[in-house]
Amino acid sequence: MTTDHNPYLQFSREQWSLLRDAVPLTLTEQDLQTLRGINERVSLHEVETIYLPLSRLLNLYIKAKQRRSRVLEQFLGQTRGRIPYVISIAGSVAGGKSTTARILQALLERWPEHPKVELITTDGFLYPNQVLEERGLMHRKGFPESYDIRQLVEFVANIRAGHERVEAPVYSHLVYDIVPDEKKVVEQPDILILEGLNVLQSGIDSLHPHRVFVSDFVDFSIYVDAETDLLRTWYIERFLKFRSGAFADPDSYFHHYAQLREEEAVAIASNIWQDINYRNLVENILPTRERANLILTKGPEHAVEQVKLRK
């Protein structure tokens, strides 16, 4: 562990694993199969080495916040009710943030103190395709202007306010659009995990400095990081797997890609990465990385090689 003057404590994979402190492994290989992304090879050893220490850290932070809440209640002389702990997970397309979110949800809800852990992705707060088309934004899907930020902020604010029932829109990756008249209902979770490209963006990124952002309501933020060349490779590999899997479904928005020869698919995926996902990463996502409380840096095999924890 290094303790120089940067804002982070830095841990090698081995150093971080020692902080597990005998936390038991509560996931099985069968559990993990349902949590992995389509192009990821997360092992139970990775869970033990990286995610169990992280779940222990988060549990300690959550307990500390609960103690502070009780102190405030005692000072005010009133009960404030249960206030969910909000964890955000950001990172690039194809970086593995969704798998990280699912694994953390599975681990945290197995702690005795956290029976209810909800996971929401910000994809549900994208504008419907019809709106994006009207605004000329279909080619910028995933960029900040493609999200209904007002609706997203209102959702997180209501969760933090302890509302008994809060609804979130549902996004379908199959049809590449918001599902009309379908909502995910969230009812007073102990923990909310919010996963998406834009969860670390703040007023610094806006022309309106007093605007409220999602990051204002987050208790602990995580950024899943990797070199851009790796992200590009993973994106193309994932595209090829979708081509022979999800894209083959006639209902898929990308069904027209299913019949492509491999070299054609690689060329198209490379262009999509370069023109859309790489631009969004460099312009909007990567600049938010150093705002995170924790940065997980992955190596070539999707395994986390370094952990940085804000002091």
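Residues are numbered from 1 along each chain as its sequence is written, and side-chain values use heavy atoms, with hydrogens and water left out. Because the model is predicted, local features need pLDDT of at least 70 and side-chain atom pairs count only at pLDDT 80 or more, while totals for chains, interfaces and linings use all residues.

View 1. Helices (H or I, at least four residues) and strands (E, at least two) are DSSP runs, numbered from the N terminus. Along its principal axes the C-alpha trace spans about 65 × 45 × 40 Å. Of the 311 residues, 49% count as buried, meaning under 20% relative accessible area (1.4 Å probe, protein chains only). Among contacts (heavy atoms within 4.5 Å) with a separation of 6 or more, 71% join residues 24 or more positions apart.

**View 2. Ser221 lies in strand 7 (residues 220-225).** Its relative accessible area is 5%, so Ser221 is buried. Leaving aside neighbours within four places in sequence, Ser221 contacts Ser88, Leu200, Arg291, Ala292, Asn293 and Leu294.

**View 3. Helix 7 (residues 228-243) carries a set of buried residues.** Its 16 residues should span 22 Å at 1.5 Å a residue, and the end C-alpha atoms are 22 Å apart, which agrees. The expected span is 1.5 Å times one less than the number of residues. Buried here are Leu230, Leu231, Trp234, Tyr235, Ile236, Phe239, Leu240 and Arg243. An α-helix has 3.6 residues a turn, so residues three or four places apart point the same way. The cover over the buried residues of helix 7 includes helix 8 and strand 8 (294-298).

**View 4. Asn277 lies in helix 8 (residues 262-285).** Asn277 has a relative accessible area of 13% and is therefore buried. Not counting residues up to four places away in sequence, Asn277 touches Val93, Tyr235 and Ile272. Tyr235 is also one of the buried residues of helix 7.

Key:
Buried means under 20% relative accessible area, exposed over 50%, partly exposed in between (1.4 Å probe, protein chains only).
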